[in-house]
Amino acid sequence: MEADFQFGDVEELFRSAPTLKDEFVIRENLEKFIHRNCELGRRLVCITSGGTSAPLERNCVRFLHNFSSGNRGAVSTEYFLQAGYAVIFLYKRNSSQPYCRRIVECFKPDHSSSVQDRIELMECAVQSYHESVVQGKLLEVSYETIFQYLQLLRLIARNMNCLEKNAMFYLAAAVADFYVPWEAMDEHKIQSREGPLTIQLALVPKMIKVLRKQWAPSAFCVSFKLETDSTILMKKAKEALHKYNVHAVVANELTTRNEKVIVVTNEGEKTIEKDLDVEMPLVQFLKERHREFIECK
Ligand code: 9Z3
């Protein structure tokens with residue numbers, strides 16, 4: 001049975017979470033970025049990307065980590081920028097970043113092109129990245145822990161609410177379901193000499209509900225559903241659509257996530273298969289759904 005969602009649990013998590021470092025600077029940058037893109041009438045998408053880590057100790061040596069390379073978020077960012085959106089890229093430190101895959105590819109031993117060609121490819125990637133940043137179309141915000149991720153998502157969502165329907169959330173980050181509450185956490189490294197370890201993990205409250213209801217209720221919201229068991233994937237994705245009241249759920253299976261996704265909306269299901277990559281047709285499809293959403297009075 002699924003645990004019941006309580007707004008009190010959300011309040012409790014935020015109340016006990018360690019304060020965000022540099023919150024003032026991040027807030028200022030966000031406000032400037034959102035305000036400018038709002039004035040220019042651009043559509044703005046917040047893309048979350050990468051895993052989240054749930055620390056086991058306050059001075060953290062060990063943590064629980066949700067798997068995600070950050071590829072989905074980084075590649076989608078490139079396509080949303082190409083589609084004319086401004087992007088806030090909320091990503092896990094050390095996970096993939098937009099345009100970097102092209103640079104990494106240049107270092108593969110089986111690369112058939114010449115050194116000169118590879119240098120040009122790299123220059124091109126750096127140029128695209130640089131332009132997006134200096135033209136004020138890409139803002140990157142990084143996090144490490146589940147506490148930082150949730151606090152930053154709340155900060156971004158509350159600020160983006162002013163964009164109303166022009167705002168989109170594309171929640172591709174693999175968010176922890178379990179965590180050790182800050183107040184229950186040991187201050188220092190857990191000692192193995194104390195014997196086998198038993199940890200009580202609390203459930204992370206599902207923030208998508210709060211995002212939809214309170215933080216940014218007018219925005220278009222896309223969440224992701226990841227499963228390893230293909231027999232339950234579609235059932236869980238459809239449940240998520242209604243439970244979180246989002247506009248689309250992108251269903252994907254761990255092993256085939258780079259070849260195929262299925263987008264579930266109230267209108268039905270749409271299978272999207274890899275073209276150059278799977279993110280290109282996916283972003284195109286969601287851009288259209290977002291346009292319809294904006295035009296619908
Ligand atoms: C996804 O399903 C992403 O598509 C992947 C992308 C994490 C699989 P990579 O980063 O992989 O390219 O390596 N993200 C959402 C996963 C998630 O935690 N969803 C929650 C759930 O399934 C809903 S909030 O319960």
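Strand β9 gives the largest share of the shell around the ligand, 4 residues. Helices (H or I, at least four residues) and strands (E, at least two) are DSSP runs, numbered from the N terminus. This is a predicted model, in which local features need pLDDT of at least 70 and side-chain atom pairs count only at pLDDT 80 or more, while totals for chains, interfaces and linings use all residues. Residues are numbered from 1 along each chain as its sequence is written.

Of the 15 residues around the ligand, S68, S69, N71, F224 and L226 come nearest. The elements that give two or more residues to this shell are α3 (71-82) and β9 (220-227). By class, the shell holds 6 nonpolar, 6 polar and 3 charged residues. In this division Ala, Val, Leu, Ile, Met, Phe, Trp, Tyr, Cys and Pro count as nonpolar, Asp, Glu, Lys and Arg as charged, and the others, Gly among them, as polar.

Not counting residues up to four places away in sequence, N252 touches F224, L226, R257 and V261; two residues are in contact if their C-beta atoms, placed from the backbone, lie within 7 Å. N252 sits in strand β10 (residues 248-253). N252 counts as buried because it has 24 C-beta neighbours inside 10 Å. The cut-offs are 20 or more other C-beta atoms within 10 Å for buried and 12 or fewer for exposed, with partly exposed in between, and C-beta atoms are placed from the backbone.

The next topic is a pair of helices. The axes of α2 (residues 23-39) and α6 (residues 146-160) come within 10 Å and cross at roughly 30°. Axes are lines fitted to C-alpha atoms, for helices over the stretch in contact, and angles run from 0 to 180 degrees between N-to-C directions. The two helices α2 and α6 are therefore roughly parallel to each other, a term for angles under 35 degrees. From α2, R27, L30, E31 and I34 make the contact, and from α6, L155, I156, N159 and M160. These contact residues comprise 5 nonpolar, 1 polar and 2 charged.

G41 has 8 C-beta neighbours inside 10 Å and so counts as exposed. G41 and L163 are 122 residues apart in sequence and 9.0 Å apart in space, C-alpha to C-alpha.

Notes
A residue is near a molecule or strand if its C-beta atom, placed from the backbone, lies within 6 Å of it. Angles under 35 degrees count as roughly parallel, over 145 as roughly antiparallel, 65 to 115 as roughly perpendicular and the rest as oblique.
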